[in-house]
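Subject: Structure handover

Hello,

Here is the structure I said I would pass on. My notes follow it.

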Amino acid sequence: MSAAALTTYSLWRREVIRFLRQRNRVMGALLQPIIFWFLFGFGLGASFRPSEAPEGLSYLEYYFPGTIALIVLFTAIFSSISIIEDRNEGFLQSVLVAPVPRLSIVLGKVLGGATLALIHGLVFALLAPLFAPLTGFQIHPLSFLYLAGTMLMVAVGLSAIGFTLAWRTDSVGGFHAIMSVILFPMWLLSGAFFPAAGVPTFLQWLMLLNPMTYGVGAMRYAMYRSTDVGMEIPSLGVCFGVTLGFAGLMLSLAPRLLKKS
Amino acid sequence: MAGNDAVVVNELCHSYGDRQALKNVSFTAAARETFGLLGPNGGGKTTTFRILSTSLRASGGTATIFGDDVASRPDAVRRSIGVVFQSPSLDKKLTVLENLIHQGHLYGLSGRELQQRAAELLDRVGMQDRAKEKVESLSGGLKRRVELAKGLLHRPRLLLLDEPSTGLDPGARIDMWEYLARLQESDGVTVLVTTHLMEEAAKCHHLGILDEGSLVAAGSPEELCREVGGDVLIVESESADSLAPKIRERFGGEPKVLDGQVRFEREEGHRFVPELIEAFPGEIEAVYFGKPTLEDVFIRRTGHRFWTEEAAS
């Protein structure tokens with residue numbers, strides 16, 4: 001294997017090992033979105049009457065892909081924060097003076113974060129059928145496979161944007177501000193929490209411009225394994241295209257940041 | 001002769017915003033020697049180190065390592081250098097061995113070859129029995145040894161160390177220099193080390209002394225000390241300011257007042273001491289006499305002591 005591939009592998013492996021050694025990280029990234037899913041799902045269920053949704057679509061079901069997206073986002077944020085820690089604790093110093101392409105460093109960190117995001121998202125998705133009697137909707141076994149692939153794409157994009165934002169931030173506190181002002185609103189405006197139909201035009205525009213809208217859309221298509229998801233969202237091709245394109249764009253931007261520093 | 005030069009620094013400049021951290025610094029380190037950059041904090045050592053390690057781009061001038069320019073051929077430079085940073089660079093959550101394996105991957109090493117090389121280096125720094133321990137459980141001295149092993153893992157031709165004894169107690173410091181010397185002997189690497197400690201600088205083959213971003217002296221420690229000439233006399237007096245011109249008037253030389261003491265250099269200083277005391281009865285409280293040290297070299301070149309504001313903070 002080349003030094004570049006070994007570097008990506010080594011950094012990816014390190015993320016997984018560190019995660020397994022600090023398991024309390026699971027709680028934050030997984031439990032909070034699940035609690036939100038239950039509380040919002042049952043709490044808003046009675047008042048959720050979107051204009052074009054089919055009869056019988058419960059808010060728990062609508063909000064299910066959104067919860068996966070939130071889990072993926074939280075895990076990506078945790079791994080972005082680890083970049084700041086790696087830098088402040090000095091670990092990255094020796095990585096940055098190694099004779100390897102900067103992209104292999106970015107890929108190692110991003111794929112590491114994306115792997116953890118995928119694991120978290122899948123744990124939640126696989127738990128969902130257990131709650132079927134309570135929530136009233138079922139997921140086809142094949143959907144998990146589709147969802148896993150989609151989650152990975154979304155996770156790479158979110159980990160990579162997290163990387164570029166974290167690289168310019170020198171403290172974890174500063175990143176919390178970015179998280180609440182940029183990343184969390186991105187999720188809120190992605191169709192994860194409420195559909196675009198019926199909201200004011202300026203919000204609809206914001207939602208259209210938000211790359212995460214297409215990630216959550218892709219998850220809806222994956223969940224139903226159909227081009228008909230019961231509401232008007234960007235087409236399947238656009239959702240997957242934008243999601244992949246966004247991940248690619250972020251991955252090509254990040255190495256430039258490393259060169260400058 | 002270019003073939004024998006490991007590091008050639010020419011008119012190197014760097015500014016952080018308005019502050020000029022390096023001003024036209026030039027020096028050469030020969031292959032297989034230990035070259036020290038000595039200077040107080042803020043002198044420009046770490047800036048030079050960061051430029052040489054390809055972590056920072058200089059604002060002006062050039063630096064080459066074994067003929068490769070650090071700015072235009074960073075990857076070639078990165079392959080030939082091993083870097084030990086002042087602040088720790090190990091992953092505390094990983095074991096000693098895991099840290100070395102990761103480091104090896106960065107240089108394209110893998111598999112059995114890497115395992116063997118890691119074991120070999122752990123053996124050489126006396127850490128083979130700690131390989132499976134997490135780094136966070138090690139003492140500062142042991143962590144430094146792992147950093148050293150990490151820097152040497154890919155058989156670099158030049159080892160760069162930035163203040164390697166930071167945070168080490170005197171015992172661990174001596175220990176580290178011993179390992180360094182042993183590793184240098186066995187691997188034949190060139191070592192470039194920054195330090196603010198005179199006793200460490202004295203162990204180097206050649207030195208560059210940096211102060212406020214400028215190179216104020218260069219040479220072997222012996223040469224530099226010889227240049228001071230004769231012996232160093234330090235006179236303690238309540239009226240040091242008025243005493244200095246009187247000494248000059250009577251005996252010549254260049255007595256300087258530093259921190260309420262008069263310092264000057266004199267051949268055959270030991271014979272001169274009684275003469276001096278008799279010449280100014282009652283004005284002299286004590287006279288210290290000694291061979292010139294690197295600190296005397298520094299004072300002679302800069303006109304101030306090594307520790308100025310630093311001492312207060």
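This is a predicted model: local features need pLDDT of at least 70, side-chain atom pairs count only at pLDDT 80 or more; totals for chains, interfaces and linings use all residues.

**Confidence**

Residues are numbered from 1 along each chain as its sequence is written, and chains are lettered from A and ligands numbered from 1 in the order in which they are written.

Chain B has a mean pLDDT of 89, with 97% of its residues at 70 or more. Within chain B, the lowest confidence is in helix α12 (residues 309–312), with a mean of 43, and the highest is in helix α3 (residues 96–106), at 97. Helices (H or I, at least four residues) and strands (E, at least two) are DSSP runs, numbered from the N terminus. The model scores are ipTM 0.87 and pTM 0.86.

**Contact between the chains**

Chain A puts 21 residues into the contact and chain B puts in 22. On the chain A side, α1 (3–21) and α4 (91–96) each supply at least two residues. By class, the side of chain A that touches chain B has twelve nonpolar, six polar and three charged residues. Here Ala, Val, Leu, Ile, Met, Phe, Trp, Tyr, Cys and Pro count as nonpolar, Asp, Glu, Lys and Arg as charged, and the others, Gly among them, as polar.

**Cores**

A nonpolar core is a set of buried Ala, Val, Leu, Ile, Met, Phe, Trp, Tyr and Cys residues joined through C-beta atoms within 7 Å. A residue is buried if 20 or more other C-beta atoms lie within 10 Å of its own, exposed if 12 or fewer, and partly exposed in between, with C-beta atoms placed from the backbone. The largest core has 145 residues, and those with the most contacts inside it include A:Ile68, A:Val72, A:Ala155 and B:Leu160. Helix α3 (residues 59–88) of chain A gives the most to this core, 16 residues. Beyond its neighbours within four places in sequence, A:Val72 is in contact with A:Ala117, A:Gly121, A:Met151, A:Val154, A:Ala155 and A:Leu158. Another core, of ten residues, lies apart from the largest one and has B:Val235 and B:Ile247 among its members.

**Strands of chain B**

Strand β3 (residues 34–38) of chain B has five of its five residues buried. B:Thr34, B:Gly36 and B:Leu38 are on one side, with B:Phe35 and B:Leu37 on the other. β3(B) pairs in the parallel sense with strand β8 (residues 190–195) of chain B over five bridges, and two strands pair if DSSP finds at least two bridges between them. In β8(B), B:Val191 stands opposite B:Thr34. β3(B) also pairs in the parallel sense with strand β9 (residues 206–211) of chain B, over four bridges, where B:Leu37 has B:Gly208 as its bridge partner.

Strands β1 (residues 5–16) and β2 (residues 19–30) of chain B pair in the antiparallel sense over eight bridges. B:Val9 is the bridge partner of B:Phe27 in β2(B).

Regards

Notes
Two residues are in contact if their C-beta atoms, placed from the backbone, lie within 7 Å. pLDDT is the predictor's confidence in each residue, from 0 to 100.
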